[in-house]
Structures are given as C-alpha cells and as structure tokens.
Amino acid sequence: SSFDVQFNPTEYSLNKGAQIAEIGIPGIDSPILQFIRGQNEKLTLDLFFDTTGEKGMGQGARAVTDYTKQVYQLVKIQEKTHAPPRVEFIWGKNLKFKAVVESVQQKFTLFNPEGVPLRATVSVTFREYKTLEEQLKELNLQSPDHTKRWVVQQGDTLSRIAAAEYDDPA
C-alpha cells in the first residue's frame, strides 16, 4: 500500500560510509588503511503534518495522528514477516529510495483546547535496502585473471616451477 504526506520536506540528507580498518605497524607515522565493506546509505528528512486547515482547532478537530501513525507504523514489526516492512520513498522524479525505516520520531507542536494534537513534525531515517543480487549487479566487479598455467615436462620440480613463476623456489 502507499500513502501521501501533506507537505514536501524542506530538505533531506543522504549519508553513506565505508568501514575501514586501521592496521597499526610499529614505527610508522600512521596506520595502513584497509577497506572492509561499504555501509548502507541513509536518507534522513522531516515530514510536516497539520490538520488545522481541515476542521479548525475547536471541538471536532481532526487529530494529526491520523496522518502520522502511517509513518510510525513503518518501524513496527509485521505479523507475517516478523520484521518492519520494506518501503520505497518517492519524491518527484529525482528521488526514489528503497529502504527499511530505521527510526521515526514524532514531535507534536500544536494542540486544541481538548488536547487533540493538530500539528506535528515527524523525523524519519530510512536505511537503504538492496538484495545481494541487486548489489552484485550494480557493482559489476571485474578482476584481472591471475590464472597461471604450466605444462609439466620431464625433469620439472615444484621448486623449479615456483622459482620460474614467483621468483621464489620455497
């Protein structure tokens, strides 16, 4: 299923990192860095909701939680999958983000005299979700072929072959 939010976000941020290991070698100025793996990209934004324009602020005013609960449910565990749902956040033509929702924070900022929340800002962090197949297809990793062949002839020894191929008979 899908749902719309009331207003466009005023901004969003994308964050992606890499896990790097530091290999300390005594006597050198700084450690050697070794790439371990990439990290998921994160999309963070604030969504604004306001129901004062629908039925005003008096009795019978619509609670803004009617809208915010749809976003809040995205971090709840589903009965069938035992995990939060996978989602796709779409904003116009330029931003499509397949993810799981990592966190949702609701901040209610306006209430009517009966205490019904009428305005809210919902901060959402989406964590990129890609299957292994999708990631491998996107990476298109290409490594040089280091295969070596040696036609063994009478008189060859492993140490002679190693010396010829690797400059080291050991």
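**Exercise 1. Which helix and strands each supply at least two residues of the lining of the largest pocket?**

Before we start: the model is predicted, so local features need pLDDT of at least 70 and side-chain atom pairs count only at pLDDT 80 or more, while totals for chains, interfaces and linings use all residues. Residues are numbered from 1 along each chain as its sequence is written, and side-chain values use heavy atoms, with hydrogens and water left out.

*Step 1.* On a 1 Å grid over the protein atoms alone, a pocket is an open set of points where a 1.4 Å probe fits, with protein on both sides within 12 Å along at least five of seven lines; lining residues have an atom within 4 Å of a point. Grid points are joined across faces, edges and corners, and a volume is the space filled by probe spheres set on the points.

*Step 2.* Locate the pocket. The largest pocket has a volume of about 680 Å³. It is lined by 26 residues, and those closest to its centre are Ser 2, Phe 3, Asp 4, Leu 74 and Glu 88.

*Step 3.* Assign the elements, which are DSSP runs numbered from the N terminus (helices H or I, at least four residues; strands E, at least two). Helix H2 (65-72), strand S5 (86-91) and strand S7 (117-128) are the answer. S5 gives the most, with six residues.

*Step 4.* Sort by class: Ala, Val, Leu, Ile, Met, Phe, Trp, Tyr, Cys and Pro are nonpolar, Asp, Glu, Lys and Arg charged, and the others, Gly among them, polar. The lining of the largest pocket then has 14 nonpolar, eight polar and four charged residues.

**Exercise 2. Describe the second largest pocket and helix H3 (132-139)**.

*Step 1.* The second largest pocket holds about 330 Å³ of space. Its lining includes Lys 16, Phe 35, Tyr 129 and Leu 139.

*Step 2.* S3 and H3 are the elements that give two or more residues to this lining, and H3 gives the most, with three. By class, the lining of the second largest pocket has three nonpolar, four polar and four charged residues.

*Step 3.* Check how covered H3 is. Buried means under 20% relative accessible area, exposed over 50%, and partly exposed in between (1.4 Å probe, protein chains only). None of the eight residues of H3 is buried. Just after H3, Asn 140 takes a positive phi of about 50°.
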